[in-house]
Amino acid sequence: MKSFKDKIVVITGAGSGIGRALALEFEKHGARLALNDYNEDGLTETCSLLQNDSEETIYSQVFDVSDEQAMFDFAATIKNRWGNAHVIINNAGISGFTEPLYTTPVSAYKKVMDINFFGVLYGTKAFLPHLVENNEGAVVNISSVFGMIGYPGATDYCASKFAVRGFTEALSVEFHQSPISIHTVHPGGIKTNITDSALNDDPDRDFDDAFLTTPPEKLAKRIIRGIQKGEPRIIYGNQSRQIWLASRFLPKRIQNRVLWNKLRGIMKLDKYKLFIKGL
């Protein structure tokens with residue numbers, strides 16, 4: 001897909017960060033925007049930042065992407081209102097519990113998977129029939145660089161983002177002969193407020209400040225170029241290239257050692273003394 005003029009672009013998690021940046025950038029390309037977020041205030045603010053607030057160009061709806069019925073109702077509403085969508089960007093996500101496996105409750109894994117993976121699944125299932133009827137379009141699912149390499153204290157988050165990656169890559173094989181393009185996005189350190197969604201009260205702010213540095217506006221532009229070029233994998237953001245290279249070429253034992261040594265200075269290692277002797 002080369003042009004987004006008058007195309008219907010659906011973006012989940014549009015109330016802040018990457019989702020907001022995508023909405024603002026797609027508006028510049030003349031797209032009609034169907035926006036979602038769980039946070040009503042954030043979504044309202046995004047809509048207020050858009051230049052054209054006509055009912056024919058912007059539609060927004062507040063709901064939790066882990067609600068399957070709400071997602072399918074959203075798709076039906078867009079179709080009844082404007083017709084079939086052309087691009088679905090499953091962006092909504094949360095950061096997780098930010099603790100080692102030993103101290104992360106099973107409920108955290110269920111919550112993170114419900115939003116980060118099943119939200120992507122529901123968005124894809126709900127809107128993909130629109131694209132098939134159009135015989136054109138793009139599915140864009142936001143994974144993470146931590147969908148390529150494991151990160152300590154984020155087993156729940158990594159599990160969800162690896163799941164998004166596997167799901168989307170399998171889907172891209174199914175559609176490889178179709179005019180519909182399938183894209184997995186692996187953002188590096190993008191400067192967003194995702195850590196505000198941590199499920200515990202003790203996220204590692206030192207790491208956040210050092211890692212989350214790339215403006216989301218730059219990623220939004222990169223994603224749009226990736227769609228236009230039909231790139232199945234889009235990797236962009238602070239340290240994304242280094243992490244991708246490590247995931248491709250470093251043996252797993254070396255990956256583990258490098259990650260541990262790099263992060264031990266900023267992680268709260270007393271959390272890991274529970275199960276690692278001599279720490």
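Isoleucine 11 touches Gly19, Leu22, Ala23, Phe26, Ala34, Leu35, Asn36 and Ile89, leaving aside residues up to four places away in sequence, where contact means heavy atoms within 4.5 Å. This is a predicted model, in which local features need pLDDT of at least 70 and side-chain atom pairs count only at pLDDT 80 or more, while totals for chains, interfaces and linings use all residues. Residues are numbered from 1 along each chain as its sequence is written, and side-chain values use heavy atoms, with hydrogens and water left out.

**Nonpolar cores**

- The largest nonpolar core has 30 residues, and those with the most contacts inside it are Ile11, Phe26, Leu35, Val87 and Ile89.
- Such a core is a set of buried Ala, Val, Leu, Ile, Met, Phe, Trp, Tyr and Cys residues joined through side-chain atoms within 4.5 Å, and buried means under 20% relative accessible area (1.4 Å probe, protein chains only).

- Seven strands form an open sheet in the order β3-β2-β1-β4-β5-β6-β7, with parallel pairing; strands are DSSP runs (E, at least two residues), numbered from the N terminus, and two of them pair if DSSP finds at least two bridges between them.
- The edge strands, β3 (58-62) and β7 (233-236), each pair on one side only.
- Strand β6 (residues 180-187) is joined to β7 by four bridges, the two running parallel, and threonine 184 stands opposite arginine 233 in β7.

Notes:
Buried means under 20% relative accessible area, exposed over 50%, partly exposed in between (1.4 Å probe, protein chains only).
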